[in-house]
Every structure is written in structure tokens, then in C-alpha cells.
Amino acid sequence: MIARFWPMFRKEFIQMRRDRLTLAIMIGIPVGQLLLFGYAIQTDVRNLPTVVVDESRTPQSRDLIAAFANTGNFRIVAYLDDRPALDRAISRGDAQAGIIVPYDYARSLVRGPTATVQVIVDAADPLSSQAAIAAAAGVAQVRTLELLRGRGGGTAVSSVEARVRPRYNPGLRSPNYIVPGLVGVILTLTMVLITSMAVVRERERGTLEQLIVTPITKTELMLGKIAPYVGVGLVQMTAVLVLGRFVFDVPLTGSVLLLYAISLIFVVASLAFGLFISTLVQTQQQAIQVSFFFVLPNILLSGFMFPRQAMPLVFQWVGAALPLTHFLMVLRGILLKGVGIDALWPQVAVLAAFAVALMVLAVRRFHKTLD
């Protein structure tokens with residue numbers, strides 16, 4: 001048995017050595033992903049983009065805002081004039097928290113018994129919102145202790161109260177955050193995986209020769225490859241949304257028509273990327289390996305599982321280069337916040353650019369030859 005086994009064992013190693021792309025994928029992907037995600041994934045959420053409405057405009061209010069910034073959980077990105085502007089900034093996703101210091105804050109510190117500050121948190125992401133809520137409560141507690149020490153414990157001492165209002169997901173329910181993300185993840189996984197094997201499958205089956213001799217252009221061939229799966233992707237999305245609404249009680253507050261229109265762009269982008277992968281590899285096995293190398297960063301760096309604000313800046317830029325990152329903003333914006341195209345047009349523009357660029361790359365990479 002050993003005499004028969006050894007030649008077979010040696011043959012497989014020789015074949016593996018000759019298939020350098022597969023060998024590089026098998027060794028390089030685990031090492032690269034370990035280094036990438038080991039640095040990128042952090043659950044300690046800090047530096048939440050925060051806007052401020054300071055109606056008091058006093059030294060006391062400025063000290064309070066500085067105390068919020070000093071926690072490291074809030075990163076002040078803008079000072080706004082009124083509350084409607086704060087609401088628009090949070091609904092658009094420009095900020096994840098808002099601090100409102102009322103006009104009578106300084107007077108309440110003197111007269112007592114309580115000076116209040118309102119903190120509005122985008123609770124569409126429960127992990128980020130929990131960190132913000134805890135930090136706001138901590139700021140109020142520390143300011144109250146400072147007042148007690150400053151006045152020696154007299155009866156006229158005021159306390160500071162942070163009234164936190166979680167918005168869009170007040171119950172901090174995980175399904176409201178996970179289910180919309182699953183729509184994008186499932187579409188990415190299936191669409192990229194299916195079309196990544198489109199060209200190599202034709203080559204392995206020997207049917208690529210028939211396509212080569214036809215008068216069809218490269219662009220028409222690529223579009224024909226993805227067209228049947230566009231409908232499949234929309235059906236998948238419908239199934240997940242229906243189950244999410246009636247099984248997990250996920251709200252649907254925005255326009256369904258707008259959601260499907262933007263989803264169509266994302267599906268085309270995912271299918272085009274799968275086709276691009278198909279033009280890079282030689283076998284279906286390689287196509288599957290490269291697809292999974294792309295899918296894992298989508299899950300971990302797009303904001304599906306971990307808040308992007310907790311990641312180092314370089315990995316936030318890497319996440320911004322993934323179509324799923326922008327599609328998740330669209331999903332949560334429409335499903336949970338009910339925002340329209342006026343707030344989502346930057347994400348729509350990015351998704352459309354991805355779809356066009358990836359389709360152009362796939363067409364340019366494909367050659368109607370066998371070599």
C-alpha cells in the first residue's frame with residue numbers, strides 16, 4: 001500500500017506546486033486576513049461623530065461640552081444653530097450623536113435643583129449607542145460630583161442630569177440592526193459567488209468556444225451573464241425583508257420603491273464584481289477562494305457586525321472602498337430612519353460608480369480567446 005500511496009502523494013504535491021495561484025491563495029489569504037482583522041476589529045466604540053446645539057452659550061456650557069469631548073466617546077464635528085439642523089445631521093448619518101445644552105443651563109446650575117442636558121443618540125447601531133449612553137451618564141455624574149466638592153455639600157447644590165434619547169431604535173433591539181445588514185451580506189455572498197464562476201465554468205465545460213465564435217460583443221456577453229441573476233437577487237432581498245418584518249418585527253419606515261431601486265444598483269455592482277473575479281482566475285476552485293476572500297472583509301469592515309467608528313482610520317478607508325458599506329447605510333437609513341433620496345444620494349452615487357467601474361473592468365479583462 002505504501003508503494004502505491006507514495007507516488008500519488010508526490011504527484012499531488014507537484015500539481016499543487018505548479019498551481020501557484022491556488023497555493024498563494026491558500027497561504028496568503030489566512031495570513032493577510034489575520035493581520036488585517038486583528039488590527040481592524042475593535043469593540044471599544046469611541047470618537048462618535050457628534051454635533052452640538054449650545055443654546056446657553058456660556059462658560060459653563062462650554063465646560064460641559066468639553067467634558068463630553070474629553071471622554072473620548074464623542075468627537076465634536078460641528079456646532080449647529082438649532083434643533084432641526086441637529087435632527088437632519090443625525091438622520092443623514094453625518095453624526096451619530098447630538099448634544100443640546102438648553103438656554104437656562106447656567107442659571108439652573110446656580111438656582112438648582114437640577115441642570116439638564118439632552119443627548120440624542122442614533123440607536124440604529126446598539127453597540128455604539130450603548131457606549132454613548134454610558135458615557136453621557138458618566139459625564140453627568142462627574143459634573144455633579146464637581147459641583148458638590150465646589151460648594152462643600154451645601155443644600156443649594158445643583159445636580160447635572162443627562163437626558164438621553166435613543167432614536168430610531170429606542171429599545172436597542174439587535175434584530176433591528178442585524179436583519180437589514182443581513183440583506184446586504186446575503187446578496188453579496190450569493191451574487192459574487194455565483195457570477196465569479198461564470199466564465200471559468202464555461203471554459204471548464206468546453207462551451208466557451210461556442211461563445212467565442214458567436215457575433216455577440218464582450219459587453220453583451222457580460223450583461224447577458226448577469227441579467228438572470230438580477231431578478232434572483234431582488235427575490236432574495238424580498239424574502240429576507242418579509243421574514244424580518246413579520247418574524248423579527250423589524251420596522252419599515254421608508255419608501256419601499258426607493259429601497260428596491262437602490263438595491264438594484266447594488267445587485268448589479270455585486271454581480272459585476274463576481275464577473276471581474278471570473279476573468280482573473282482559471283478554475284472554479286480559485287473563483288470560490290477569491291470570492292470568500294472578498295466576502296469576509298465585507299462582513300467585518302463594512303459595519304455589519306462591528307461599528308466602523310471603532311476601527312483605525314486606515315481600515316475605515318478600506319471599508320469605504322466596499323460597496324456593502326454604502327448599501328448598509330441605505331438599508332438602515334430607509335428601514336429604520338425613513339430618510340429619502342435627499343439624504344442618501346451620496347451612497348447612491350458611490351454604488352452607481354462601483355457598478356459602472358466593475359462592469360467596465362470585467363469587460364476589459366475578458367477576451368474572446370481560449371488562451
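Which residue in β5 does Val117 stand opposite? Hold that thought for a moment, everyone.

Some ground rules before we look. This is a predicted model, so local features need pLDDT of at least 70 and side-chain atom pairs count only at pLDDT 80 or more, while totals for chains, interfaces and linings use all residues. Residues are numbered from 1 along each chain as its sequence is written, and side-chain values use heavy atoms, with hydrogens and water left out.

Okay, the big picture. The protein chain has 15 helices and 5 strands. Those come from DSSP runs, numbered from the N terminus: helices are H or I with at least four residues, strands are E with at least two. Of the chain's 371 residues, 46% count as buried, and buried means under 20% relative accessible area, worked out with a 1.4 Å probe on protein chains only. Now take the contacts between residues at least 6 apart in sequence: 81% of them join residues at least 24 apart. By contact I mean heavy atoms within 4.5 Å.

Back to my opening question. Val117 faces Ala162 in β5. Strand β4, residues 114-122, is joined to β5 by 9 bridges, and the two run parallel. Two strands pair, by the way, if DSSP finds at least two bridges between them. Zooming out, 5 strands make an open sheet with mixed pairing, in the order β2-β1-β3-β4-β5. At the edges sit β2 (74-79) and β5 (159-167), each pairing on one side only. On average, neighbouring strands here are turned by 30° against each other, ignoring direction. Helix α4 packs on this sheet, touching β1 (48-54), β3 (97-101), β4 and β5, and its direction makes about 170° with that of β3. For those angles, axes are lines fitted to C-alpha atoms, for helices over the stretch in contact, and the angles run from 0 to 180 degrees between N-to-C directions.

Points are joined across faces, edges and corners, and a volume is the space filled by probe spheres set on them.

The largest pocket has a volume of about 1000 Å³. Its lining has 36 residues, with Gly93, Gln96, Arg308, Gln309 and Met329 nearest the centre. The elements giving two or more residues to that lining are α4 (83-92), α13 (313-320), α14 (323-337) and α15 (341-365). The largest share, 7 residues, comes from α14.

What about cavities? There is 1 of 30 Å³ or more, and the largest cavity holds about 40 Å³ of space. Among the residues lining this cavity are Thr188, Phe266, Asn298 and Leu324. Helix α11 gives the largest share of that lining, 4 residues.

One last stop: Gly72, in the loop between α3 (59-70) and β2. Is Gly72 buried or exposed? Gly72 counts as buried because its relative accessible area is 13%. Leaving out residues up to four places away in sequence, Gly72 touches Arg46 and Asn47. Gly72 and Leu48 are 24 residues apart in sequence, yet 8.5 Å apart in space, C-alpha to C-alpha.

Notes:
On a 1 Å grid over the protein atoms alone, a cavity is a set of points where a 1.4 Å probe fits but cannot get out, and a pocket is an open set with protein on both sides within 12 Å along at least five of seven lines; lining residues have an atom within 4 Å of a point. Buried means under 20% relative accessible area, exposed over 50%, partly exposed in between (1.4 Å probe, protein chains only).
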